[in-house]
Amino acid sequence: MVVKMKRTARILNGIEIAAQIKAEVAEEAKALAASGITPGLAVVLVGHVAASEIYVRSKVKTCAELGLWSEMLTPPESITTEELLELIAGLNARDEVDGILIQLPLPAHVDTRRLLEAVSPEKDVDGFHPINVGRLQSSASHGIEAGKALAPCTPAGIIEILRRSGIAVAGQHAVVLGRSEIVGKPAAMMLLNASATVTVCHSKTVDIGRYTRDADILVAAIGRPGFVTVEMVKPGATLIDVGINRVTDAAEVARFFPGDAARAAQFAQRGSTLVGDIHPAAFELAGAYTPVPGGVGALTIAMLMKNTVTAAKARRGAAARDSEVAAAKA
Ligand code: NAP
């Protein structure tokens, strides 16, 4: 049996990094406001899904804090795909709308793919449109870092955490668990763009530990509480835990957090606690790790704000410059 030594891992604090990004976005919004542009986000929330309502309120509140304007459209659950397509076309046509976000999941009768593809790629602040997926494939990492591309918010947040924490990516072996369109695949592409050697594992991968044990950077995005155990981790690795799993069983909480009085108290009070896809015991072996909560999850809204300002600059900044040039020539 291999005995792995406990080490003191560095915590990659997503809340602090998100605060840095938000401060930068607020500065950019202020500079744009000086030239008459207030970046604007339209959020479409269909029906009443409690969790979605909480996320959307938080997005709207953050817009106000950073000097962006936002608009919430709340069509009823019964709305059809055709009616939603009309609504999106209206938002595409409005110049003051820089970003359009369709809060997912949508009701089962709505064609989600058609709607995501109807959003103008220039306003696609979620980075889900095939044009932006394609741009991500063909862009080098500096394109994302310089804020030129609209990349999906959660994986873009992962890259920001690594970059701002000074964690080397080029030449490292990055292993991504999960291949979803919103996290796993774009995260793998962005790590590849940043010159990592990338392995992607999924539910059909045989012997996942064989890959994770060799990972210098391990990104877990599968939605399985505590899936990555201490035996699956290379000592000193950077562990990025994207998973957000609500655990409501007391025995499970005790298994994940033995002797953690703060977690036990939180569980007693709320009846649940959040656990990532990486078992907390594995963090002790890491060189650095993102906690759950307070890690990757904290970055997502900050990256949405950043994308909205990026979209405003790309579309309206260019338009403003063109009209200045035209005025100077006249
Ligand atoms: P998803 O769409 O359900 O995809 C899960 C992926 O994990 C799939 O590719 C699946 O493989 C793979 N998978 C599932 N079970 C597995 C197993 N036992 N072994 C290996 N691979 C397995 O999930 P998602 O939307 O990407 O989200 C993943 C996690 O991240 C969830 O906990 C979610 O809550 C969290 N999340 C967090 C944020 C945030 O921090 N803001 C944002 C989005 C998601 P197949 O493709 O083979 O089915």
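Student: How do you know that S7 and strand S8 pair, and in which sense?
Tutor: Two strands pair if DSSP finds at least two bridges between them, and S7 and strand S8 (residues 238-241) have four bridges, in the parallel sense; therefore they meet the definition of pairing. Leu218 stands opposite Leu239 in S8. This is a predicted model, in which local features need pLDDT of at least 70 and side-chain atom pairs count only at pLDDT 80 or more, while totals for chains, interfaces and linings use all residues. Residues are numbered from 1 along each chain as its sequence is written, and side-chain values use heavy atoms, with hydrogens and water left out.

Student: What makes S7 a strand, and which other strand pairs with S7 over four bridges?
Tutor: Strands are DSSP runs of E with at least two residues, and helices are runs of H or I with at least four, both numbered from the N terminus; S7 covers residues 217-220. Strand S5 (residues 173-177) also pairs with S7 in the parallel sense over four bridges, and Val175 stands opposite Leu218.

Student: Which way do the residues of S7 point, and are they buried or exposed?
Tutor: Ile217 and Val219 point one way, whereas Leu218 and Ala220 point the other way, and all are buried, that is, under 20% relative accessible area, with exposed being over 50% and partly exposed in between (1.4 Å probe, protein chains only).

Student: Why are strand S3 and strand S4 called edge strands?
Tutor: Three strands form an open sheet in the order S3-S2-S4, with parallel pairing. The edge strands are S3 (69-73) and S4 (99-102), and each pairs on one side only. Four bridges join strand S2 (residues 40-44) to S4, where the bridge partner of Ala42 is Ile100.
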